[in-house]
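Student: I am new to this structure and would like to learn how to read it. Could you show me the way?

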Amino acid sequence: MNFFKTKTSSPKVEGRVEGVFKVTGTGKYSAEYHLDGMTYAVIVGSTVPAGRIESIQLDQAKQVEGVLDILTHQNRPQIPAFATKEKLDKSGYSLPVLHTDQIYFKGQPIALVVATTLEDAMYAASLVTATYRKTTANVDFDGSHKGVDAEPFGKERGTMAAWASAPHVAEAEYTIRHEVHNPMEMHATIATWHAPGKLKLYDKTQGVNSVQQTVSRLWEMPKENVEVISEFMGGGFGSGLKVWPNVPLAIMASSQLKRPVKLVLTRPQMFTLVGYRPQSWQKVRIGADKSGKFTGIWHQAKHATAIYDNFNEGIVRISRMLYDVKNIKTEFATVPLNLSAPTWMRGPGDCTGAFALESAVDELSYVLKMDPVQLRLQNLALRIDPDTGKPWSTNYMGECVTKGAEMIGWGDRKALPGTVKDGDWQIGYGMAVGMWFAGRQKASAAIRLDKDGVITVETAMTDIGTGTGTAMQNIAHEYLGIPKEKIKVKLGQSTLPPAPSQGGSTGLSSLSGAVTAACEAFKSKMDAYASTAGEQSSPANYSLIMQKNKLTEVLAEASSGPGEEQKKYAFCSGAAHFCKVKVHSKTGKVKVEKMASVVDAGHIVNQQAAANQVSGAAVGGIGMALSEEQLTDNRYGCLVGNDLAGYHFAVNADAPIIDVDFIHKTDVNINPTGSKGVGEVGIIGTAAAIANAIYNATGKRLRDLPITPDKVLLS
Amino acid sequence: MKPFDLLRPSSIAKAISAKQSQVQFLAGGTNLVDLMKKHIATPDALLDVTPILSSQITGSTETLLIGAAVKNSSAAMDKLVLSSYPLIAKAILAGASPQIRNMASTAGNLLQRTRCPYFYDTTLPCNKRNPGEGCGMREGESRMGAIIGHSEHCVAVHPSDLCIALAALDAEVLYTIAGEKKPMVIPFKDFHRLPGDAPEKDNNLPQNALITGVRIPKNPFSKNYAYVKLRDRDSYAFALVSVAAALHLQGDRIVEARLASGGVAHKPWRWYQAENFLKGKIPSAEVFAEAAALAADETNPLVGNAFKKLMLKGAIEVALQNCLTA
Amino acid sequence: MEQPKISRRFFVSISAMAGAFAFIPASVKSAYISAKNLFIPQKRALPLSVSINKKLYKLQQDTRTTLLDLLREELQLTGSKKGCDHGQCGACTVHVDGERVLSCLTLAAMVQGKEVTTIEGLANGDELHPMQKAFVECDGFQCGYCTPGQIMSAVACVKEGHTGSVEEIKEFMSGNLCRCGAYNGIVKSIQQVAQ
């Protein structure tokens with residue numbers, strides 16, 4: 001029997017491997033597992049941004065029916081790694097949640113109410129109050145960064161003096177407000193000590209192994225005793241790369257109660273407990289000679305961070321690698337505030353940096369009276385990574401630029417700003433480029449063939465929506481020659497072959513090597529069994545080979561990671577973003593009418609899913625450019641507004657149908673499939689493209705994101 | 001949420017007699033349930049009034065009557081509304097989302113509370129939520145705040161879109177109250193109130209009264225009308241500034257004009273000066289700009305929302321212009 | 001003003017507390033309310049009969065339970081998603097009596113006697129609803145978390161006839177946020193089904 005020729009009952013539709021689970025609501029996200037004896041936990045946050053807890057009043061909350069326990073810093077079980085100051089410092093975990101009376105930011109967890117129903121827990125949480133010894137708080141980035149000097153970031157190349165008298169210079173300051181990831185699924189953890197010393201976590205994370213490691217480190221227990229499951233993950237964009245307080249809180253509560261505990265953050269808590277893109281200030285000075293060749297870039301940047309967690313995301317990095325320029329100076333600093341810790345958010349650092357750099361390049365193009373497309377083509381560093389001096393393995397950004405210009409109809413752009421009108425609307429075109437360091441990490445995968453002829457590709461990596469599972473299926477299909485409907489995918493569990501977190505556009509790049517290696521190992525195994533059985537080794541004979549060897553299952557696991565190629569080459573993904581906007585001269589309304597993104601990310605394993613990621617990133621870029629902004633109020637030391645009615649990321653109506661295309665040229669050096677990530681480059685540069693288009697439409701240069709209608713009107 | 005009873009009175013009279021300050025009427029729930037989740041509203045009991053209130057839209061030659069329980073989406077799709085009172089449909093469709101419009105009732109829309117972030121965050125001061133606590137927005141992030149009719153105690157704005165159209169069309173709010181047999185009436189312009197020194201009160205509806213419907217007099221504005229809403233995204237967002245405009249044109253002249261705005265005050269705001277100015281004028285961009293300037297000049301923006309004055313002026317011009325092409 | 005009295009016979013359901021409350025003189029009552037910070041009310045349950053995906057449920061439900069929490073936490077129908085719990089994202093969209101509504105702002109008690117359809121009830125056995133099929137084929141999602149809400153909304157959008165243009169679809173689908181930004185595929189799915 002050739003079991004790859006027998007029909008299977010599914011799938012009935014062509015699409016992602018997990019598609020049917022998602023459209024029928026049967027895929028289980030972290031908060032959706034039901035365990036016997038489940039309890040519900042709700043976090044109570046501090047109402048002051050700085051100081052010490054004097055007392056916590058629990059009397060009222062304890063009277064609420066159904067309340068099982070309330071954890072505070074005074075009664076919670078000890079997290080071993082927080083036992084002493086020294087241990088805490090060594091733990092690498094910045095917020096000793098419920099292990100301190102110190103308040104670092106408003107909303108910091110001070111208590112955890114656990115009850116038999118969610119309704120009871122929510123109500124009881126509203127009754128917990130505390131008194132504090134308040135101290136002065138500062139959440140004012142604008143007012144504070146001026147007192148912080150930027151320090152050298154990376155080695156200065158050339159000198160500032162060399163281009164001091166550049167004939168053409170653009171220089172300006174750029175600012176971006178605090179942005180929040182806000183994935184649709186709220187962070188959630190179900191913790192259960194299901195056997196003595198054995199912990200199981202259903203957690204919303206971009207990396208189950210990373211949660212496993214952190215938790216085993218904090219509880220000083222063997223990794224094997226911590227099982228982490230994140231089969232379906234409702235979006236992360238970076239917020240799922242760290243282990244946030246919800247994880248230790250749920251574990252502590254489960255220890256205390258000896259019952260499973262479900263802890264789902266509320267949407268307001270999503271604004272203060274799982275990171276954000278920090279507010280930033282940048283200054284870029286860029287010079288060019290008469291021909292438009294860049295002679296120097298000076299890029300300074302500062303962004304906010306927390307006083308207890310010095311997160312930094314080197315936002316000047318992109319200026320060091322994008323353009324071929326002899327003289328470059330980059331400086332950077334963080335500004336500690338009484339806010340929760342920021343973290344990586346889609347295109348971290350570079351997305352922020354690209355707004356400033358690509359706006360400045362656009363400003364320079366008008367100074368030079370040169371077409372911005374031409375200016376990029378003339379200056380992009382397409383052969384050598386200027387920062388490392390290594391040759392790019394592949395870099396087709398020039399082709400991205402040329403193709404994108406065609407797609408948007410760049411020829412219709414008028415060089416002189418503010419000249420194209422349609423009634424009260426002003427129309428303009430803008431473009432920008434984006435680049436992301438194409439990383440690859442060590443990853444493992446397994447191929448399992450069962451007695452029914454079903455192949456399962458297994459890895460611990462989570463699929464946060466990028467299409468990892470489908471890509472794994474595609475790669476195994478291409479490599480093994482087995483029909484796709486016979487290839488299943490299993491992922492997001494720490495018991496599966498280890499893999500890095502899915503983030504930084506490294507998921508597929510890392511995993512594709514592991515899957516091909518596992519396929520190779522599997523083939524060798526089958527070859528060996530085939531020769532024992534005296535059969536030819538081919539999928540058509542696998543059934544026979546297994547029978548003759550009396551096998552019920554064949555399993556092959558392999559790892560793969562970066563190697564010598566990393567010494568020889570620099571790797572990047574690149575993109576060019578183009579857009580056409582219209583701006584209403586009387587109301588300040590900006591409408592993105594058309595948007596086109598062209599991406600160079602090597603071999604595209606799954607065109608539809610990759611295009612979806614890129615268009616989705618462009619939608620993210622529209623939000624970043626025009627509406628995403630988290631306000632703060634320094635008088636109260638906190639955020640103002642913490643919901644999706646006030647934090648405006650783009651709705652369907654805000655985005656045009658985004659045109660996406662790829663260069664489709666394999667990077668043969670990076671990994672066996674020649675594929676690189678697309679998730680970050682999709683957004684890097686988009687906000688600048690939109691701001692540049694607004695300038696072309698109106699002659700108004702807007703350097704403070706988001707460009708809400710008020711800013712357009714007042715400029 | 002605080003535990004509460006859910007009661008189902010079998011008639012309007014019974015509902016009214018059961019109403020007390022700690023007992024609230026529940027209709028669509030789109031605002032009240034949210035406020036209860038936030039512990040901003042903490043009633044001891046809810047009276048489910050949807051089944052006993054009218055969900056009919058009826059019209060005579062003189063008026064349109066929208067029952068209190070009519071869903072926003074039903075009103076926006078109603079043939080009579082679309083043919084004779086289309087400004088109402090236009091305003092409704094500019095608000096919320098299709099799902100919320102399928103739930104939200106007409107009366108509830110009138111009673112929805114401000115979306116001021118200082119009101120919504122119970123850890124921040126707000127006189128409307130907690131009288132005497134101070135106004136957080138006034139000296140704070142006041143981008144979404146009022147530019148007219150505000151007081152030192154409150155700068156919140158009324159969030160509805162439907163109400164802006166109802167204000168423009170001189171609607172009336174019908175209600176009943178214990179001891180009164182006849183339906184009582186409040187002209188729409190007097191229904192919502194300015195914050196003054198009692199911002200906790202959103203409107204002048206007598207305590208424990210139940211809204212039964214909204215009446216809109218017949219009007220000549222079914223041809224030239226517009227609703228312009230400016231917000232931070234293209235849909236599903238509260239207004240920075242909105243304008244309901246309607247013109248009655250005869251020959252080449254404006255016989256009568258109506259202009260009302262949302263996002264600018266604690267209540268739907270009528271621009272009477274601008275309306276009077278437009279009377280008898282021949283429509284033109286210049287005339288519209290002048291009318292818009294008259295309205296904008298009445299405003300008194302806060303430190304953080306001076307842009308709204310410019311935006312209002314632009315929005316009125318666009319709305320009036322759109323009246324001609326509607 | 002005289003306090004109105006509540007009489008038990010006025011109500012289909014009434015609790016002892018609100019009833020008792022009504023007979024307390026106003027002066028005493030206001031003192032009682034000011035002291036209520038120390039008084040923790042007990043939760044109340046109501047009988048609830050509702051049809052969900054054509055199955056009749058007879059439950060005894062906490063008055064505070066929303067339809068969304070009833071589905072997710074009590075009935076393990078976790079297809080309807082909690083994205084904000086405040087009516088600001090659309091992930092919890094279900095149909096009540098055939099119309100799309102937000103289950104997070106709907107108290108379970110408000111669907112008494114009604115017909116609720118969730119994403120789990122959309123397919124006909126193993127046969128996907130055309131909209132579900134279209135979402136898979138057009139890749140109308142990435143992480144999939146907003147997807148059940150998008151699909152329930154999309155089915156209603158087609159039924160309501162709001163599919164005349166890309167702009168109309170976009171406007172009438174704007175009550176369903178997608179942070180992955182899969183709007184290209186969502187619009188395409190709806191166009192495919194509307195044809």
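Predicted model: local features only at pLDDT ≥ 70, side-chain atom pairs only at ≥ 80, totals over all residues.

Student: How do I read strand pairing, and in which direction do β3 and β5 of chain C run?

Tutor: In general, strands of a sheet pair through backbone hydrogen bonds, either parallel or antiparallel. Strands here are DSSP runs of E with at least two residues, helices are runs of H or I with at least four, and both are numbered from the N terminus. Two strands pair if DSSP finds at least two bridges between them. In chain C, β3 (residues 93-96) and β5 (residues 115-117) run antiparallel and are joined by two bridges.

Student: In what order do the strands of the sheet in chain C come?

Tutor: The order is β2-β1-β5-β3-β4 (chain C), an open sheet of five strands with mixed pairing. β2 (55-62) and β4 (99-102) of chain C each have a single partner strand, so one side of each is left without a neighbour in the sheet. On average, neighbouring strands of this sheet are turned by 40° against each other, direction ignored.

Student: Which strands does α5(C) touch?

Tutor: α5(C) packs on the sheet and touches β3 and β4 of chain C, with its direction at about 40° to that of β3(C). For such angles, axes are lines fitted to C-alpha atoms, for helices over the stretch in contact, and angles run from 0 to 180 degrees between N-to-C directions. Residues are in contact if their C-beta atoms, placed from the backbone, lie within 7 Å.

Student: How many residues does the contact take from chain C and from chain A?

Tutor: Chain C gives 54 residues and chain A gives 59. Among the elements of chain C that give two or more residues to this side are α5 (147-160) and α7 (183-194).

Student: And how many residues of chain B are in contact with chain A?

Tutor: There, 26 residues of chain B are in contact with 30 residues of chain A. Helix α13 (residues 307-325) of chain B gives the most to its side, with seven residues.

How values were computed. Residues numbered from 1 in each chain as written. Chains lettered and ligands numbered in written order. Contact = placed C-beta atoms within 7 Å.
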